[in-house]
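Walk through this fold one contact at a time. Keep the sequence and the 3D view open together.

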Amino acid sequence: MSKRFHGSAENPATSHHGRSITTTFAAQTSPSNVLLANGDYDADQIQVLEGLDPVRKRPGMYIGSTGQRGLHHLVYEILDNAIDEVQSGYAHTVKVEMDLSSGWVTISDDGRGIPTNTHPQTGRSALETVLTVLHAGGKFGGQGSGYSVSGGLHGVGISVVNALSEQLHVTVWRQGKEFQQSYRQGRPLTELLEAKLPKKDAKKTGTQVKFLYDKDVFAKGVTMDPKTIRTRLQELAFLNSDATIWFRAIDYTTPQSSGNGAGPHSEPEWEKLHFDGGLCEYVKYLNRDSQPMHEPIFITDKVDGVIVEVALQWCSDTFSDLLIGFVNSVKTIDGGTHIDGLKAALTRTLNTLARKTKSLKENEANLAGDHIREGLSCIISVKVPEPEFEGQTKTRLGNPEVRKIVDACVAKGIMESLEMDTATLSLIMGKAVAAWRAAEAAKKARELVRRKSLLTKSTLPGKLSDCTSTDKELSEIFVVEGDSAGGSAKQARDRRFQAVLPLRGKILNVERKDDAALYKNNEISNLIVALGLGLKGEEMPNLRYGKVILLTDADVDGAHIRTLLLTFLFRYARDLFDKGHIYVGVPPLYKLEVGRSSQYLYSDEELAGRTQGLSQGSFTVQRFKGLGEMMPDQLWQTTLNPATRTLKRLTVDDAAAASHLFALLMGDKVEPRRALIQAHGASLALEDLDI
């Protein structure tokens, strides 16, 4: 199962027996620093970085971060090159192999192969040029371009991977020959080696890149997650139905078995990812545990060189929507003009059809886009010859012309599909009208929340113990379960920047309720007001705390309460995760005393390890059943003190997977939830799934 939430340790200054990560911040020297330091500032202070040095100096500018997301980005850049060959019709097979024990990743395709002849400008082979020179590649468009569409970073991707790799080996097959070259930290170790292929392989073409990321560049302890990589490969297989993608992850440090009696360390079999159904099969996969109201609607068109493909399917048992956009097979997690065009077309066209079919009366207002999209799962994939991405890592499309093209294509496709299929149209409009009526029923409750939010601090929830600081970036709030834990936390906290909000019992499961029930619930209403969230789906300019920390007991009930809170926050204010505001506190399970020394332990395994070899009676163990049992100084030292605590920041790498997981865990279907728990319950850890 793919990781939905990833936890990363905050920067405590001291360690809990290896559980925390210490982060230090070094002052950066800038021209203004130089001027202030010695009064002198001239040409000698201007540094010129050549070749790939800028990438190694500031890797975050090129791959987004030096954490796990940036590390995965290295894989995606090489993978994008292979998929570009697929999209251009030159490749059909892509293979990805991860060696988890060493960190090596190998990606190959059967495309044309990177050119190897001498480049006229650099005097070196074209292969070495694209690997060592920024902005060198065949994806800049225009006449003579090697690609009609591309998802790569326009000549930056493979050279960036090379710069940030401890070692990289590239093999190219073309023109009846095999070419090889090796690199270290972006610099060639060998000349381009050339050998003639055997006669039986004379027609072989393609590229293989094998690289080992440089551990000195990335954050300490960061490793690749094969589940995340596999999820990306599955997306690409859905998006490119003509392609076959093979994947396997090998870990030579863990005994493997092929299931056929092979001994330890046997290599796992390759997994084949191929989907003839394309986007329709993709949207069915997203709705595999929901109740679809109809078969997927598929729309495709090509206008001015832009190819648009859309698959839509509404479900009767969900209250949210899921729109996933891709540009040249790259996921645009922050949306863009293609998503804007899709939403506009859906809202306008379905309102027009509602008027035609009398689903809406003449005196009734148009349905809002949120009502129309309730229960919708939609995949939109556009292929754009000259994409304009906002940001180096391509998270949002900026082309204004794409909005008009998508709007027109979707409007035409929806109109043609649903005018001919009145039964499906009736189901969709019935769902939308029901959503509108539920929203109207919740209006009074929402206005109550709005009025509460606009009042002064004196009307904040009575149980909230606020902090004195009004600086959001410095302030944090602990959401705890019950008055007992709340009392301990209030005594233990630093009231200058730490607030505490105790909740009574288990909050409402919003996965099974509409907005009307949500806003009428007192505990949720208090949480919305205390955090300053405003209304569902709105921007959050009034967010009151930079860190929202869920602090529940380390037992089954505590885990359930944390799950309910995460479900609410994910469905109500997804931006909190995207912007890094959500954390989980990690309280200790045990206090171990040996003689005069004591230490706090966080798992049964840690306790077993610390007590191994100690004689019975030479130590005592205190088990903390709940936060309320801890003395305030213990709670401060272990869980609240920024210098010694461990926090897990929760981010969402895959919105579709996270949404599906919440639907499974918190929905009203028992069998899928039981299967999930039976399959993964024993193996899930906080680092894998913080719920």
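V480 stands opposite P502 in strand β17. Strand β16 (residues 476-481) and β17 pair in the parallel sense, over six bridges. Two strands count as paired if DSSP finds at least two bridges between them. Helices (H or I, at least four residues) and strands (E, at least two) are DSSP runs, numbered from the N terminus.

This is a predicted model: local features need pLDDT of at least 70, side-chain atom pairs count only at pLDDT 80 or more, and totals for chains, interfaces and linings use all residues. Residues are numbered from 1 along each chain as its sequence is written, and side-chain values use heavy atoms, with hydrogens and water left out.

Stay with β17, residues 498-503. Is this strand mostly covered or mostly uncovered? It is mostly covered: six of its six residues are buried. Buried means under 20% relative accessible area, exposed means over 50%, and partly exposed lies in between (1.4 Å probe, protein chains only). Q498, V500 and P502 point one way from β17. A499, L501 and L503 point the other way, and all are buried.

Now turn to an open sheet of five strands. Its order is β11-β12-β15-β13-β14, with mixed pairing. The edge strands are β11 (297-303) and β14 (330-331), and each pairs on one side only. Within this sheet, β13 (residues 322-327) and β15 (residues 376-383) pair in the parallel sense over six bridges. L322 stands opposite S377 in β15.

Next come the charged contacts. How many salt bridges does a search of the whole structure find? It finds 23. A salt bridge here is a side-chain nitrogen of Lys or Arg within 4 Å of a carboxyl oxygen of Asp or Glu.

Take R112 and E85. They form a salt bridge, with the closest N and O atoms 2.8 Å apart. R112 lies in the loop between β3 (104-109) and α5 (126-132), and E85 lies in helix α4 (residues 68-87), so the pair ties together parts that are 27 residues apart in sequence. Why does E85 count as buried? Because its relative accessibility is 5%. R112 is partly exposed, with a relative accessible area of 28%.

E97 also forms a salt bridge, with R248, and here the closest N and O atoms are 2.5 Å apart. This pair links distant parts of the chain: E97 is in strand β2 (residues 93-99) and R248 is in strand β9 (residues 244-250), 151 residues apart. E97 is partly exposed at 21% relative accessible area. R248 counts as buried, at 13% relative accessibility.

D201 and K200 meet through their side chains in a salt bridge (3.2 Å, N to O). K200 counts as exposed because its relative accessibility is 72%. D201, at 25%, counts as partly exposed. Elsewhere, D80, R232, E235 and K331 are linked in a network of salt bridges.

Which residues form a negative surface patch? They are D304, E386, E388 and E401. Patches are made of residues with over 30% relative accessible area and no salt bridge; like charges are joined within 9 Å, and nonpolar side chains (Val, Leu, Ile, Met, Phe, Trp, Tyr) within 5 Å. E401 sits in helix α11 (residues 400-420). At 35% relative accessibility, E401 counts as partly exposed.

Methods
Accessible areas come from the Shrake-Rupley method with a 1.4 Å probe; for residues, only the protein chains shown count as cover. Lys and Arg count as positive and Asp and Glu as negative; His and the chain ends are not counted. The place of a charge is taken as NZ of Lys, CZ of Arg, CG of Asp or CD of Glu.
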